[in-house]
Amino acid sequence: MPRVLVVEDEPAIAESLGYALKRDGYDVVHAPTLAEAVVRLDDVEIVLLDLMLPDGSGFEVIGRARRVKSPPAIIVLSSRDDEADRVAALETGADDYVTKPFSPREVVARVRAVLRRAAPEKEKQGERVAAAMPLAVDEPSRRATVNGRPVDLTRVEFDLLACLLSAPGRVFTRAQLIDRVWGDGFAITDRTIDSHVKALRRKVADAGGDASLLETVRGVGYRVTDQPGS
Ligand code: CA
């Protein structure tokens, strides 16, 4: 079973997460400090990471995790009012976040989803996306389809959709989308992104698709959901 590193100094939270994860069959390692976390990074598949640790910032863990031989996935455990931290965490390499207070079952579900995304990516990324997704893009021909039916997109809409579909379920911040779609140095406002996404949703709906597949993650950005309706 995958091994989960729980980096959390609050004993009650660490304990309830550990309990829920073990019940689901995961191996659990607990690190209540930054110092203990960084030495465990190379033998775990995923890290649940509190950002406020007694001996430093969880961002340090994100940075270190990217440098180990097979980098673990990271889910940040964030406070409700730490919107800036959530955005920064995603931009420095975290895969997802959950907001405190959370239910341990919700966290276990996220762990499962992130590991599912991380694991089969090499062998069958295209296949998996095609099977799970009513939305699809073919990058070489720059054709997009909704339930197999072609849909006519602008360059920006196509690139936005392609970016979101490169990691279904993953949240992309607006800054990340600007980077991928327009490139560095473009002065694109958040509202510009929002209006392109709105147009994209309308075209998906007009083509008979479910516009709610393109999900707004409030205060953070967008994702293509891989579990519509959940
Ligand atoms: Ca803490």
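I began with Asp43, which is partly exposed at 30% relative accessibility, a class that lies between buried (under 20% relative accessible area) and exposed (over 50%), taken with a 1.4 Å probe on protein chains only. I noted that this is a predicted model, in which local features need pLDDT of at least 70 and side-chain atom pairs count only at pLDDT 80 or more, while totals for chains, interfaces and linings use all residues. Residues are numbered from 1 along each chain as its sequence is written, and side-chain values use heavy atoms, with hydrogens and water left out.

I then looked for salt bridges, meaning a side-chain nitrogen of Lys or Arg within 4 Å of a carboxyl oxygen of Asp or Glu, and the count came to 15. Asp43 pairs in this way with Arg3, with 3.0 Å between the closest N and O atoms. This pair links distant parts of the chain, 40 residues apart, since Asp43 is in the loop between helix H2 (34-38) and strand E3 (46-50) and Arg3 is in strand E1 (residues 3-7); helices (H or I, at least four residues) and strands (E, at least two) are DSSP runs numbered from the N terminus. Arg3 is partly exposed too, at 29%.

Asp43 also forms a salt bridge with Arg40, at 3.5 Å between the closest N and O atoms. I recorded that Arg3, Asp27, Arg40 and Asp43 are linked in a network of salt bridges.

Last, I looked up Glu157 and Lys203, whose side chains meet in a salt bridge at 2.8 Å, N to O. Glu157 is in helix H7 (residues 155-165) and Lys203 in helix H9 (residues 190-206), 46 residues apart. Glu157 is buried at 4% relative accessibility, whereas Lys203 is partly exposed at 26%.
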